[in-house]
Amino acid sequence: MPLVPALAQQRSAKRGVCWDEKTQTLTDATLSKMSPGIAWLYTWGETPVGQTSLLDADGGIAFLPMTWNGDFDEAKLRAYLSAHPGARYLLAFNEPNLSGSVGGSAMTPQQAATAWPKVKQLAADFHLQLVAPALNFTGDNVGGRIWEPFAWYDEFFRLCPDAGVDFLAFHTYMNYYSAVDWVASRYFYSDADDADLLTAANRAQYPHLVAYLEAYQAANGHYPKMFLTEFCSYQGNEYPYTSAITLDFQIDQMTQKVQLLEQSELVEGYAWFMANPAGGETAWPYMSLFQRNTSDSELSALGTVYVYMSSFDTSKYYQPGELIQASDYVNATTGEQAVRLRPNSDAASSCPLQVELVASAYTTYLVELAEAGTYVLTLRAKSAATNTIGIYGDNFQRLLREEVPSTGGQWKEVTLTLSLPAGKSELTVFSAQPSFFINGLRLSAVTDGIDAPRSEAAPQACYTLGGQRVGGTRRPGIYVQQGRKVVVR
């Protein structure tokens, strides 16, 4: 199939990065490589150091200022905000429950509460949404005690019941995507788990934090959303431990974390830690978005995936004839059957990424058809063995299940014919066996073909108009072969 760029999903407003300007100031060269998929960044500072045309520009990357601790440069920040009236958020103190030796701002809740009025006033003066101090789950001694995140927040909200916080903020370096799901979706916002914050025991332990959550919910109709302003797999002292946190592990957990964060209605934004570590892509734990920490560097494999993977845009429905990038799914398997995203190895494809369907993995896309009828689904695929491929519609209704021969490990076009309803619907591609790779797919309406003499066999890989595959046959009828009707008389 001709692989030409299709209308893309909208860029996610949630997706951001942490950028360390101490080792490399921001430049147009680096921002231009990130801007296709990244909407915002921060540098742990009040203002950016590098001045670029793509920062805070229309279609560029937004800068989110931060008040690192209570000694931030208020005059400098006010000047920046005056010059950038489009700013929307203000990030507050960075990891106050960690000491400065491990990157925190080392502030007790009392110290934060003392400094809070000027942060709150600044946000009010510039009509900014205020993000709470960002807490890490790593225990550390601050002010003579270890402040786990919920205890720190509880004491802060006791001291500042009118803090005016619009969002909570957390950092997590837990290795598995399920831990991010716990932080972002379940612990704070559900009373279904024994471990969540709204159980009777935790209400008693953290009454002021729970009071803040419930007051916000009563006023706004939902619990406060959150920013996850630092995350990646970085805990070498926990399973699967240092040697098993490889580049492949980091990418696979990242894609699943991003899927959960994008699909959660209670996540306002998230930032990958980090875009530009000093060691580049070869330094453990392999989280760099760039091959090297230089302004002329290209994106790393992980960076290509993070920038170009799906934004989970549920407003974009693909029409017949449009190329659907395989990575632009709106849902996919996670866990043991998680799909695997990597830079595309197909030189004939314009898609930046390829998707590997492991055994029992699926990806789901949104399509819209003007008419019900028979359609050809063309996959740009690669496999080294025969795969059983299933195509499903809404509510996982099976539309087709068929054995697809090996492509011999080469990228080739694989065509399947199926009957589809009119209107908007889901289309799910499922593989029963590993490893079936796809980078693009496209639906095409069946066109009129030619009459075939009854004495001639219908070609191989023919389908009935209902999408059932048939072999060579001399029966009279109408068949579909390579997207065209063939009439056997």
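Biologist: Which residue has its charged end over the ring of Y317?

Modeller: Keep in mind that this is a predicted model. A charge counts as sitting over a ring only within 6 Å of the ring centre and within 35 degrees of the ring normal. Over Y317, the charged end is 4.9 Å from the ring centre, and it belongs to K424.

Biologist: What is the distance from the charged end of R15 to the centre of the ring of Y306?

Modeller: The cut-off for the distance is 6 Å. The charged end of R15 sits over the Y306 ring, and its distance from the centre is 5.8 Å.

Biologist: How are the rings of F157 and Y212 arranged: stacked or edge-to-face?

Modeller: The model has 37 aromatic pairs. For F157 and Y212, the ring centres are 4.2 Å apart and the planes meet at 10°. Planes under 30 degrees apart count as stacked, over 60 as edge-to-face. The pair is therefore stacked.

Biologist: Which helices does this pair of F157 and Y212 tie together?

Modeller: Both F157 and Y212 are buried. The pair links parts that are 55 residues apart in sequence. F157 lies in residues 149–159 and Y212 in residues 207–220, so the helices are α4 and α7.

Biologist: Is helix α8 largely enclosed or largely open, and how many of its residues are buried?

Modeller: Helix α8 covers residues 247–263. At 1.5 Å a residue, its 17 residues should span 24 Å, and the end C-alpha atoms are 24 Å apart, so the two agree. The rest of the structure largely encloses α8, because the buried count among its 17 residues is 14.

Biologist: Which strands are at the edges of the seven-stranded open sheet?

Modeller: The order is β3-β2-β1-β11-β10-β9-β6, with parallel pairing. An edge strand pairs on one side only.

Biologist: Is N293 buried or exposed, and which side chains make polar contacts with the N293 side chain?

Modeller: N293 is in the loop between β11 and α9. Its relative accessible area is 16%, and under 20% means buried. Among the residues N293 touches are T23, P277 and A278. Its side chain makes polar contacts of 2.6 Å with Q24 and 3.4 Å with N276.

Terms used:
Residues are numbered from 1 along each chain as its sequence is written. This is a predicted model: local features need pLDDT of at least 70, side-chain atom pairs count only at pLDDT 80 or more; totals for chains, interfaces and linings use all residues. Side-chain values use heavy atoms; hydrogens and water are left out. Rings of Phe, Tyr and Trp (its six-membered ring) pair if their centres lie within 6.5 Å; planes under 30 degrees apart count as stacked, over 60 as edge-to-face and the rest as tilted. Helices (H or I, at least four residues) and strands (E, at least two) are DSSP runs, numbered from the N terminus. Buried means under 20% relative accessible area, exposed over 50%, partly exposed in between (1.4 Å probe, protein chains only). The expected span of a helix is 1.5 Å times one less than its number of residues. Two strands pair if DSSP finds at least two bridges between them. A polar contact is a pair of N or O atoms within 3.5 Å; within protein, one must be able to donate a hydrogen and the other to accept it, and residues adjacent in sequence count only if both atoms are side-chain atoms. Contact means heavy atoms within 4.5 Å. Lists of a residue's contacts leave out its neighbours within four places in sequence.
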